[in-house]
Number of protein chains: 2
Amino acid sequence: MAISLKDVARQAGVSVKTVSNVVNGYRHVTPETRLKVQRVIDELGYRPNLTARHLRKGRTGMIALAVPELHNPYFAELADAVIEYAAGLDYIVLLDHTGGRRDQEVLFAQGFRARVIDGLILSPIELENEDLLARGGDAPLVLLGEREYDAPYDHVAIDNVAAARTAASHLVDIGRRRIAFIGARHGRARATAHLRLRGWREVMTENGLPTGEELVAVTDGYTREDGAQAVARLLDSGARPDAVFCYNDLIAVGAMRTLAERGLRVPDDVAVIGFDDIEESRYGATTLTTIAPHKRAVARAATDALLERLAGDREIDPRRLQPGFALVTRESTVGRPS
Amino acid sequence: MAISLKDVARQAGVSVKTVSNVVNGYRHVTPETRLKVQRVIDELGYRPNLTARHLRKGRTGMIALAVPELHNPYFAELADAVIEYAAGLDYIVLLDHTGGRRDQEVLFAQGFRARVIDGLILSPIELENEDLLARGGDAPLVLLGEREYDAPYDHVAIDNVAAARTAASHLVDIGRRRIAFIGARHGRARATAHLRLRGWREVMTENGLPTGEELVAVTDGYTREDGAQAVARLLDSGARPDAVFCYNDLIAVGAMRTLAERGLRVPDDVAVIGFDDIEESRYGATTLTTIAPHKRAVARAATDALLERLAGDREIDPRRLQPGFALVTRESTVGRPS
DNA sequence: CTTGCTCTTTACAACGTGGAAAACCTGACG
DNA sequence: CGTCAGGTTTTCCACGTTGTAAAGAGCAAG
C-alpha cells in the first residue's frame with residue numbers, strides 16, 4: 001500500500017521518529033542523517049498520511065462552507081473567494097450546499113454533513129434561532145449573510161438596510177416615483193429580505209413615495225424564474241412601476257426578461273436594480289445596476305473570524321462583522337451611453 | 001474535549017469494543033446491553049471520531065472534484081450534481097478549482113491539493129498527457145470533459161464532434177450560410193475546442209459553406225468577456241456572419257452582448273448558438289439555443305467510475321464514457337414565438 | 001456432571017503520526 | 001581519566017477506532 005514512516009525508517013536504517021523529525025524540519029538532525037533520510041523519502045515517494053497526522057494533532061486543517069445553492073452565481077463566486085483565501089492560510093475548504101432547507105442547515109451546523117473539520121461557515125436561509133441555541137456540535141461556527149440571530153456566533157453580513165437605502169435612493173435620484181420591490185418572502189422580521197424591504201420603505205416614505213402592497217411582489221425563492229414570475233404578476237395586477245428594486249441579481253435578470261417579453265424598455269420604461277453584482281450582471285442586452293457587496297472582504301472576514309476561534313479565542317464575545325458594499329451603476333438604471 | 005468510546009465504555013461499565021459494536025450495529029449484542037450503552041451514548045452526546053475511523057479503515061469516504069472555475073455556471077451546476085449524487089452514496093465531495101492552470105491541475109492530480117481523499121475527479125484544461133503518465137499519486141483518478149488523453153484513466157465526456165455537428169447543422173437548417181466559430185484556442189489537436197471546431201468544419205464543408213480563417217475567432221479563455229471581444233474583432237475585421245457558433249454559453253452571452261451594442265438583432269441579423277445549457281441561457285432578453293450535455297448523467301458516470309475503481313476494480317481497462325446531449329432550441333436561433 | 005455448542009463480551013493489536021523523555025554519543029574540561 | 005554539557009537519536013506511548021481471536025456465559029445433550 002502507501003509508504004509510511006516505517007518503510008522509510010527501515011530502508012534508511014534509522015528510527016521512525018528520526019524520519020518524522022526530518023519530515024517536520026526538526027532542528028537537531030545532522031546534515032548527513034537528514035540527507036540520507038531525504039534520499040530514501042524521495043526514492044520511495046513517501047507522503048505523510050494526513051489522516052494519522054490529524055488524529056494525532058486533533059486538527060484536520062479543513063473547514064466546511066455551506067451555501068444554499070452552488071449554482072447561484074453569487075454563492076459560487078463567494079465560495080471561490082473563501083477557498084482562495086483559506087488556501088493562503090493552509091486550510092482546505094469543504095464546500096457543501098443546503099438547498100436552503102432548514103433540516104439540511106441544521107445537519108450542517110451540527111457538523112453532521114461534513115464531520116472531519118475544524119470549523120464551519122454557514123450561510124443559512126431557513127435556520128431558526130432555536131436551532132442555533134440547541135446546537136450540539138463542538139466545532140466553531142461562523143454565520144454568513146442573510147439572517148440575523150441572537151445566538152452567540154460570529155456573524156458576517158453587509159449592512160443590508162443601508163445598502164437597500166443606497167439602492168432605493170439611486171432610483172429616486174434618477175427620477176423614478178413608482179418603485180416596486182421584488183423579494184423573497186420570509187416570515188421572520190430579521191430575514192435579509194425584510195431588511196432590504198425596510199431600506200426601500202424608509203427611502204420611499206422619506207421621499208413621499210408610495211409603498212402600498214400593490215408595489216410589493218413576494219417570491220418563493222431567489223431564482224431568475226422567481227423574478228420573471230413576480231414581475232409578470234405585478235404587471236398583470238395593473239401596477240405600472242417605473243422601476244423595480246430586486247432582492248438580488250438573479251431575480252433582476254428574470255425581471256428584465258419578463259419586461260422584455262412585455263415590450264417594456266429598460267431603463268426607459270422601467271429601471272431595474274439588483275443586489276450581489278454577479279458576473280452575469282455585466283453582460284446581457286442591458287447590463288444591470290446593482291449593489292456590490294465586497295465578496296473578498298466577506299470571505300476574508302468570515303474565514304478570519306473562524307480561524308481566530310480555532311486559535312483558541314472561543315470565549316470572546318460573538319462579533320458582528322460588516323464588510324463594505326458599493327453601488328455599481330449600469331445600463332438598467334442610467335441607460336447606454338451613446 | 002470530545003467524548004470518545006472510552007468515556008462511554010467507562011460510564012456504561014462495558015468494554016470499549018462493546019460500545020463500538022453497538023455504534024456499528026453489530027448483531028451479537030443483547031438488547032439490554034445495547035439499550036444501556038445507547039442510553040449513555042445519548043446522554044453524553046457521543047459522536048464517532050471519523051478521523052480515527054478513517055485511519056483504522058484506510059478509507060476516508062471523501063472524494064475530491066476539481067473544476068477550472070467555480071464561477072463558471074456550467075461547472076457550478078456540474079459540481080452541484082456530483083455532490084448530490086455522491087451524497088446519496090455516502091461520499092463527501094471536496095470541491096476545488098484549478099483556475100485552468102497546468103501547475104494547479106498537476107498538483108491536484110497528484111493529490112497534493114486535497115490529500116485526505118479516496119479518489120479524484122478532475123476536469124482539466126491545460127494538463128498534458130505526460131503529466132498523467134508521470135503521475136505519482138495513489139488515489140484513483142477520473143477525467144472529465146475537455147481534453148482527450150492516452151493515459152490509462154477513465155474519461156467522461158460527451159461526443160464533442162457529434163454535438164458540434166448537431167449545433168452546426170441546426171444553424172444550416174435555419175438557412176444560415178456564413179457561420180462564424182468562436183472558441184478557445186488550445187494548440188493541442190485533441191482539446192475540446194478543436195473537437196467542436198472540427199464538427200463545425202465538417203458540417204460547413206459538407207454543405208459547401210465557407211470555413212475560412214476570417215470566420216474563426218479564437219479566445220484566450222471561456223468567459224463572457226472573451227466572447228464579447230471575439231465578436232467585436234470579428235465584426236471589426238469586416239466579416240459579416242449571419243450566425244455564430246460559440247464554444248460555450250458564456251462566450252455566447254458575451255457575443256450577444258456585443259451584437260446588441262452594435263445594433264445587430266438576434267436572431268434576425270445573426271443567430272447564436274452555445275454549448276452547456278447553463279441556467280443563465282434560459283433568461284436574458286434573448287434566450288440562447290444551446291447544446292445541453294446531460295449534466296446529471298455526466299456526474300453519475302464520473303462518480304460511478306471512480307467508486308468502481310475504489311471498490312477494487314483498479315486493474316480493468318480504462319473506459320471512455322459518453323453521456324448524452326441534446327439540442328435545445330431557443331430564441332437566439334429561431335426567434336420569439338409571437 | 002461433563003462435553004460441546006452458540007451467543008456475547010472482552011483483550012489485544014494495529015492503523016501512521018508526533019510529543020515527552022530517556023538514551024546515546026561526542027568532545028570539553030577539571 | 002572521569003564527569004558533564006550539548007546535540008542527536010531512540011524508545012515509549014497515545015490519539016480513537018475496529019478486526020481478530022480468544023475468553024466467558026449459558027444451555028442442551030450425553
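## Relation of the two chains

Chain B is superposed on chain A by a rotation of 180° with 0.0 Å of shift along its axis, at an RMSD of 0.1 Å, where the copies are superposed by least squares on the C-alpha atoms of residues with pLDDT of at least 70 in both. The two copies are therefore related as by a two-fold rotation axis. The same surface serves both copies, since 100% of the contact residues of chain B recur in chain A, contact meaning heavy atoms within 4.5 Å. Among the residues of chain B, B:L94 comes closest to the rotation axis, with its C-alpha at 2.5 Å.

The model is predicted, and local features need pLDDT of at least 70, side-chain atom pairs count only at pLDDT 80 or more, and totals for chains, interfaces and linings use all residues. Residues are numbered from 1 along each chain as its sequence is written, chains are lettered from A and ligands numbered from 1 in the order in which they are written, and side-chain values use heavy atoms, with hydrogens and water left out.

Of the 25 residues around DNA strand C, the nearest are A:L5, A:Y46, A:R53, B:T18 and B:T33, a residue being near if one of its heavy atoms lies within 4 Å of the strand. Sugar and phosphate make up 67% of the atoms of DNA strand C that come within 4 Å of the protein.

Phosphate oxygens of DNA strand C lie 2.6 Å from a backbone N or O atom of A:L5, 3.1 Å from a side-chain N or O atom of A:N24, and 3.0 Å from a backbone N or O atom of B:S15. The elements that give two or more residues to this surface are α1 (5-12), α2 (16-23) and α4 (50-57) of chain A, together with α2 (16-23) and α4 (50-57) of chain B; α4(A) gives the most, with 4 residues.

## Strand β4 of chain A

Strand β4 (residues 141-144) of chain A points A:L141 and A:L143 one way and A:V142 and A:L144 the other way, and all are buried, that is, under 20% relative accessible area with a 1.4 Å probe and protein chains only. Strands here are DSSP runs (E, at least two residues), and helices likewise (H or I, at least four residues), numbered from the N terminus.

β4(A) pairs in the parallel sense with strand β3 (residues 119-122) over 3 bridges, and in the parallel sense with strand β5 (residues 154-156) over 3 bridges, pairing requiring that DSSP finds at least two bridges between the strands. A:L143 is the bridge partner of A:L122 and stands opposite A:H155 in β5(A).

Definitions and conventions: Buried means under 20% relative accessible area, exposed over 50%, partly exposed in between (1.4 Å probe, protein chains only). A polar contact is a pair of N or O atoms within 3.5 Å; within protein, one must be able to donate a hydrogen and the other to accept it, and residues adjacent in sequence count only if both atoms are side-chain atoms.
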